[in-house]
There are 2 protein chains.
Amino acid sequence: MTPTADLVISGCTILEPGLTFRDDVTVVVRDGLIETITDGPPDGTPRDTGPHLDARGQIALPGLINCHTHAPMVALRGLAEDLPTEEWFNGVVWPVESNLTARDVTLGARLACAEMIRAGVTCFADHYFAMDAVAAVVEETGMRAHLGQAYFSSQGPRGREESLEFALRHRDGAGGRITTALAPHAPYTVTDADLAATAALAHDHGLPVHLHAAENRDQTEASLARHGATPVDVLERTGILDTDVLVAHGTGILDRDLPVLARARGHVSVATAPRGYLKFAWPTTTPVRALREIGIPVGLATDGAASNNSLDVWDSMALTALVQKSTTGDPRWLTARQALDHAGPQSAAALGLGDRVGTLAPGMRADLILVDLTGPHTQPVHDLAATLVHSARSSDVRTTIVDGRVLMRDRELLTVDVPAVVGELTSRLPALTDRGHGRRVQEYNT
Amino acid sequence: MTPTADLVISGCTILEPGLTFRDDVTVVVRDGLIETITDGPPDGTPRDTGPHLDARGQIALPGLINCHTHAPMVALRGLAEDLPTEEWFNGVVWPVESNLTARDVTLGARLACAEMIRAGVTCFADHYFAMDAVAAVVEETGMRAHLGQAYFSSQGPRGREESLEFALRHRDGAGGRITTALAPHAPYTVTDADLAATAALAHDHGLPVHLHAAENRDQTEASLARHGATPVDVLERTGILDTDVLVAHGTGILDRDLPVLARARGHVSVATAPRGYLKFAWPTTTPVRALREIGIPVGLATDGAASNNSLDVWDSMALTALVQKSTTGDPRWLTARQALDHAGPQSAAALGLGDRVGTLAPGMRADLILVDLTGPHTQPVHDLAATLVHSARSSDVRTTIVDGRVLMRDRELLTVDVPAVVGELTSRLPALTDRGHGRRVQEYNT
């Protein structure tokens with residue numbers, strides 16, 4: 001063990017487990033972990049000397065976690081606007097994705113990581129295609145990620161086999177920063193038999209599952225009409241709810257699904273990405289309050305930038321609070337403090353990473369961000385939680401650290417060359433966005 | 001006329017009237033006006049030489065307009081969180097406002113102007129107390145503003161008289177950057193007789209009116225129960241709808257109010273501030289689509305930062321689009337282009353300033369902002385309107401110009417000393433926020 005620390009951060013206020021703030025602390029980072037959090041300035045002993053980051057006037061928070069995205073879809077940001085869900089899928093996104101190459105995915109993932117690091121996101125759960133390329137970008141950019149290779153039953157058994165092979169090959173990759181999942185697309189694109197086979201593979205190999213389910217109310221109603229079962233029922237009867245499963249969206253979860261989900265408590269979680277639900281004009285949002293009442297963690301997410309238009313988890317945090325107040329009719333619900341709970345511990349739990357990230361305490365991985373609240377839009381501060389959730393913006397994140405490594409310092413990205421990525425990606429857009437061929441990777445038909 | 005320009009902006013893409021974008025233009029500013037907009041670089045003749053701003057890669061937009069706020073309330077940002085409307089007013093805001101001094105208002109207005117200039121807001125409609133202090137801050141910071149001294153009937157005739165006296169004294173102040181309005185608080189705090197007297201004063205003195213009305217559905221229902229009339233009916237029968245009137249919020253406007261408002265087309269407008277409606281869990285939002293159908297301009301607003309937590313009109317623009325899609329159930333409605341229309345021409349029209357600001361064309365006042373879209377969160381660009389509304393953030397505004405004067409250059413504020421303002425304001429907060437006295441400026445009782 002080296003006598004000096006890898007990083008010493010001093011002078012900041014820190015958000016501690018239990019959602020309390022502690023002023024003027026020194027955080028010592030060693031071997032990718034938070035070693036100590038102590039009051040006052042560094043004491044000058046060898047154990048807290050090392051590269052120093054003066055964070056006076058800043059707030060240290062757990063790095064934000066994007067619990068469900070399709071990072072490379074930043075390449076399609078703004079391409080499919082103001083469309084209903086079906087046209088968005090069938091008219092634009094799935095035709096365009098039939099052109100997708102591994103190089104497009106590499107460039108999209110790099111741009112997405114740049115965007116997320118600048119927004120204070122330190123970890124993302126990605127569900128997409130050509131995921132080897134995403135894993136390589138996670139390695140090179142220093143991000144943490146939970147990765148799954150998506151598949152449809154229309155691909156035949158090959159899709160599922162490749163998803164398994166990916167998950168096994170990259171598990172614990174990038175020095176432990178990569179975790180993996182099996183990633184069937186959704187109950188409306190993957191058959192019950194394939195979901196059951198996925199559940200069996202998950203058990204055999206000790207892998208979690210990440211999929212879309214009950215994305216919207218239409219899907220739930222179509223499932224009821226076709227199968228006499230909700231998407232959650234389908235997850236249960238195929239054994240998916242017996243695995244460690246992350247469900248994206250769930251705005252179509254019905255009251256009758258809640259006891260089913262409650263039985264899976266401890267190994268089921270939900271990711272909410274409220275901006276897209278508003279944009280698609282879906283009639284409901286994720287039932288966060290009902291899920292909280294039955295002990296299901298709800299993590300924050302952005303979905304892909306083709307629907308959300310950004311990967312701004314800070315925005316998801318504020319919007320989750322606002323939309324939950326509005327949809328429940330209760331201004332007292334989903335307080336700023338609860339929003340921080342969803343952003344940190346619940347998002348980490350949703351990805352099965354609650355023992356590593358999502359809270360700042362000795363022994364946790366050093367995934368943290370430093371937020372500057374000196375801007376006029378965040379002053380004065382009467383209630384730090386409210387300032388963070390409702391006044392601060394992702395652009396107030398000054399510094400982003402993953403596993404003890406500084407990925408952005410004072411707004412300067414250290415691991416992605418954005419102009420180079422944008423230049424090459426832009427040159428590829430005509431080929432990527434061509435829809436003259438009439439192909440689609442899949443048909444949207446709930 | 002001087003041979004050289006006051007400012008020459010070159011290399012930018014500009015949003016022109018009719019919501020079309022034109023690439024690589026030179027904008028020449030003289031005497032506070034846009035003199036010319038021409039293709040390509042400056043031609044080197046004396047008429048387009050002068051102080052030069054290289055805006056290559058940036059987008060020139062009309063400065064944003066905050067159509068309804070209480071700027072000095074930034075002092076209370078985060079003080080009254082997660083509360084129902086009545087508790088927010090009666091338990092916190094109105095008790096605290098009974099402590100308010102002109103110095104608090106000066107400092108709050110300075111901080112608010114700093115926040116707005118940094119967010120690309122060039123004009124705001126303010127409705128508050130001690131407005132002489134706000135007018136002085138508008139003068140010193142270089143902002144444009146539409147100001148009204150608020151009053152309740154509980155103040156007796158003095159409130160209305162002071163509102164008139166303020167409006168007359170400051171009309172066309174700050175070199176024409178200040179316009180004024182009579183500012184009764186709302187139909188539930190100002191009697192019919194006082195509203196009628198206000199309407200008469202408006203006619204006598206050629207002044208517009210700015211007030212809250214039908215803020216939420218509860219107010220409308222209480223008005224129906226008490227008077228057998230909606231708040232809009234009250235505005236009509238008291239003559240307020242015969243004046244040039246700006247109505248804040250209107251989430252309680254009913255279908256039956258629409259023909260009444262349609263009869264006032266041409267001199268009534270509405271300001272929408274959707275974030276606060278979500279936060280208060282109000283059951284409805286401003287009926288923007290119905291108002292658009294009857295030709296009533298709807299401007300964008302933030303309300304005060306005590307409810308909205310920021311003065312970020314860019315956020316109001318995106319959120320208006322999202323909430324309108326969601327509440328109408330139509331993803332095709334309130335497109336990004338329509339959002340830009342609300343932000344520019346409709347907001348200017350809402351304040352009676354449509355002949356001066358809100359669009360960029362020769363002869364208009366030079367109120368414009370330059371937006372940087374090189375950040376990873378705004379790339380690639382498939383649809384510039386979508387990128388601006390749904391991906392860009394207020395922090396992407398690099399430069400803010402009002403009446404041809406640069407108030408922020410490359411994110412640096414040139415007319416407000418934020419640390420000095422925050423320092424003095426913070427020292428005053430214990431006195432400002434004391435509620436031990438049991439007083440209120442008014443009672444909330446719809």
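Helices (H or I, at least four residues) and strands (E, at least two) are DSSP runs numbered from the N terminus. A residue is buried if 20 or more other C-beta atoms lie within 10 Å of its own, exposed if 12 or fewer, and partly exposed in between, with C-beta atoms placed from the backbone. Eight of the eight residues of α14(B) are buried, so this helix is largely enclosed by the rest of the structure. The buried residues are B:Leu384, B:Ala385, B:Ala386, B:Thr387, B:Leu388, B:Val389, B:His390 and B:Ser391.

Residues are numbered from 1 along each chain as its sequence is written, while chains are lettered from A and ligands numbered from 1 in the order in which they are written. Because the model is predicted, local features need pLDDT of at least 70 and side-chain atom pairs count only at pLDDT 80 or more, whereas totals for chains, interfaces and linings use all residues.

## Helix α3 of chain B

Helix α3 of chain B spans residues 131-141, and its buried residues are B:Met131, B:Ala133, B:Val134, B:Ala135, B:Val137, B:Val138 and B:Thr141. These buried residues pack against α2 (102-118), β7 (121-128), β8 (144-151), α4 (157-170), β9 (178-180) and β17 (405-409) of chain B. Just after α3(B), B:Gly142 adopts a positive phi of about 90 degrees.

## Helix pairs

In chain A, helix α13 (residues 336-350) and helix α14 (residues 384-391) pack at an angle of about 65 degrees, with their axes 8 Å apart. Axes are lines fitted to C-alpha atoms, for helices over the stretch in contact, and angles run from 0 to 180 degrees between N-to-C directions. The angle makes α13(A) roughly perpendicular to α14(A); angles under 35 degrees count as roughly parallel, over 145 as roughly antiparallel, 65 to 115 as roughly perpendicular and the rest as oblique. The contact is formed by A:Ala336, A:Arg337, A:Ala339 and A:Leu340 of α13(A) with A:Ala385, A:Ala386, A:Leu388, A:Val389 and A:His390 of α14(A). Two residues are in contact if their C-beta atoms, placed from the backbone, lie within 7 Å. By class, the residues of this contact are seven nonpolar, one polar and one charged. Ala, Val, Leu, Ile, Met, Phe, Trp, Tyr, Cys and Pro count as nonpolar, Asp, Glu, Lys and Arg as charged, and the others, Gly among them, as polar.

In chain B, the axes of α2(B) and α15(B) come within 9 Å and cross at roughly 135 degrees. That angle makes α2(B) oblique to α15(B). On the α2(B) side the contact involves B:Asp104, B:Leu107, B:Gly108, B:Arg110, B:Leu111 and B:Ala114, and on the α15(B) side B:Val418, B:Val421, B:Val422, B:Glu424, B:Leu425, B:Arg428 and B:Leu432. Its residues comprise eight nonpolar, one polar and four charged.

## Nonpolar cores

A nonpolar core is a set of buried Ala, Val, Leu, Ile, Met, Phe, Trp, Tyr and Cys residues joined through C-beta atoms within 7 Å. The largest such core has 148 residues, and those with the most contacts inside it are A:Ala60, A:Cys113, A:Met131, A:Val134, A:Leu388 and A:Val389. Helix α2 (residues 102-118) of chain A contributes the largest share of this core, nine residues. A second, separate core of 147 residues includes B:Leu7, B:Leu53, B:Leu111 and B:Phe124.

Not counting residues up to four places away in sequence, A:Val134 touches A:Ala71, A:Pro72, A:Val105, A:Ala109, A:Asp126, A:Tyr128 and A:Leu147.

## The side of chain B that touches chain A

Between the chains, 49 residues of chain B are in contact with 49 residues of chain A. At least two residues of this side of chain B are supplied by each of α2, α9 (274-279), α12 (313-328), α14 (384-391) and α15 (418-433) of chain B. The largest share, five residues, comes from α15(B). By class, the side of chain B that touches chain A has 22 nonpolar, 14 polar and 13 charged residues.

## A:Leu33 in strand β3

A:Leu33 lies in strand β3 (residues 33-39) of chain A. With 16 C-beta neighbours inside 10 Å, A:Leu33 counts as partly exposed. Leaving aside neighbours within four places in sequence, A:Leu33 is in contact with A:Gly363, A:Met364, A:Arg365 and A:Ala366.
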